[in-house]
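Have a look at it first, and then we'll go through a few spots one by one.

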Amino acid sequence: MAAHFGRRLRKGAATTAVAAAAVAALSASQAPGATGEDHGRQTAAGASAPVPGATSDGNATGNSPYYTDLPPLNSPRPSPSPTTAGTPVATGDAEAGIPATVLDAYKKAEAELRSTKPGCNLPWQLLAAIGKVESGQADGGRVDADGTTIGRILGPALDGNGFALVKDTDHGEYDGNTEYDQAVGPMQFIPSTWAWAGRDGNGDGKKDPNNVYDAALAAGDYLCRNGWDLSREDDLHSAILSYNDSQDYLSTVLSWLEYYRKGTHSVPNGTGSVPGHRSDDSSRHSQSPKPSNPPTTKPDPRPDPKPGKPGGGSGNPSPKPPVPPTTPQTPTDTVDHLQDADTAQLTAMAGHAFAERIGTRAETKADKSVAKVRIRFTISGDTDATFTGGETVATVTTDARGVALAPALQAGEKTGGFKVTATVVGRSVKGADYTATVTERVADTLTRTSDTPLTCTPGGEFADQVQVKATYKGAVADKVAATATLIKSPLDTSENDKGPYFKDKNGKPVRTLDGLLTDAKGLLTLPKLYADDNTGTFLLRITTAGGTTLTVELKVAADDTSASPTPSPSPSSSS
């Protein structure tokens, strides 16, 4: 979103002193005459003012508008003690009050993620800060007993008219719009992000962006991806910016995070304080510095210089125009292009993690590396590959060497090539493209799970089924394609038309089975084998993707124990 305050907080905004200063400066920028009849979000029939220049980043909200109101300058009072009846007393600043069900959802999400992603260190106050900025805590806590909002909370249609262009991805299921996507629910997910980020936070078997329990858990899980540790300032900032890519948004969320950390209290649902100003509110007054008044030029009391002297001529010299102040360049402003940082070949088997990671270096025109530049990595192509965590877009800040290391790639089940593009956030400069390849699953070893001989009498069936185990580099090789064929000999691997056979669904003999797959344990169990009237030793060959083979012997012989032996005639017997 475009800046509306002319403000920027340094990365230390999360500290008490800086946050307090930011709140003081930003509170002065509130427009007293601004109204918020739609509570800062578009209703199903409402309309919102556009934000020029907004673009979509593939983030949680599609960079939809957000509330810009800041917390009070004074810290909230500590959470009150319960009454004798056990009901919390709702005292203190109204802004410190969070609707009961909404607050419960934030705390439950924190507890869940403490168990599933302990290294993330997500504080529930961060969810509360984002919930405040995104929807005013679900429109002041207008939720039912199950945590579902009473009426949908919708952002504006992302139709490219002042907003990002995000065409419909959910057929209107969540936002009711079959032409364009709109941010939905208390945490303002756009449907295309909810499709992979959605979670079931209340255990009802559904993932509903309009339910505060589902939305809070999804938001927490979204903020914990990429291996981020939110107790680290850089990771915290990266996570918040991935939710809505705006420095003003980051500053506002950090202000509320610091405020809520100092104390909150529960208020009844539907009675929470709702903000009144948004980032796309045209009634706001910009606090950008006003241009200075042109200087008034007074006549020079000194006489004109004499002709022939330096500076001579008639009249006074014209005053020089004032030099406008220059804005210091940020590291991003100095980037000219992106360069590959020695990325190795990107190849992985389906379902496996890529061993190599993409490295991109930000460089100036003179090929000098640039630190502290945000690089966005985007996966594209006909693929189900993702970054670790399930996302297809990740943003990473370059380190002291100017290098941004993308999260590890995770191959899906689709084989073939796909592309990863690295771009500079906030600059249109030459990016870098990387090609990655997903190959089919293979095994390098096949072994029988039993050493019991496989024998049968003519016309009978084998007592044991053939079972093999596939491994790759010592690990289980699951979902590996295989073929089983009764062959003529080790040198002639064509199909044998005599001897043991399988049966198809109609009971007819077949001697080749295609389309077999190993299971999750790498096991492949073949159907029952039957014998025709031919006796002898026969061969079954199993071949997996990648060319690994195993040949199994099958013996068919008459059962000598089933009948008494016929005595040989004596040489002296007569005919």
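**Strands, a helix and a disulfide**

Thr485 stands opposite Thr512 in strand S20. Before going further, note that this is a predicted model, where local features need pLDDT of at least 70, side-chain atom pairs count only at pLDDT 80 or more, and totals for chains, interfaces and linings use all residues. Residues are numbered from 1 along each chain as its sequence is written, and side-chain values use heavy atoms, with hydrogens and water left out.

Back to the strands. The names come from DSSP runs, numbered from the N terminus: helices are H or I with at least four residues, and strands are E with at least two. Thr485 also stands opposite Arg541, in S22. The strand to follow here is S17, residues 481-487, and five of its seven residues are buried. Buried means under 20% relative accessible area, exposed means over 50%, and partly exposed is in between, using a 1.4 Å probe and protein chains only.

Which strands does S17 pair with? Two strands pair if DSSP finds at least two bridges between them. S17 and S20 (residues 512-517) are antiparallel and share four bridges. S17 and S22 (residues 536-544) also run antiparallel, joined by six bridges.

Now hop over to helix H7.

At its start, a side-chain oxygen of Ser246 comes to within 3.2 Å of the backbone nitrogen of Asp248. Just after the helix, Gly263 takes a positive phi of about 140°.

Last stop: the cysteines. A disulfide is a covalent bond between the sulfur atoms of two cysteines. It is counted here when a pair of cysteine sulfur atoms lies within 2.5 Å, and by this rule there is one disulfide. Cys120 and Cys224 form it, with their sulfur atoms 2.0 Å apart. The link of Cys120 and Cys224 is left-handed, with -80° about the S-S bond. Cys120 lies in the loop between H2 (100-116) and H3 (124-141), and Cys224 in the loop between H5 (212-223) and H6 (233-243), so the pair ties together parts 104 residues apart in sequence. Cys120 is buried at 3% relative accessible area, and Cys224 is buried at 5%.

How values were computed:
Polar contact = N/O pair within 3.5 Å; in protein donor to acceptor, adjacent residues only side chain to side chain.
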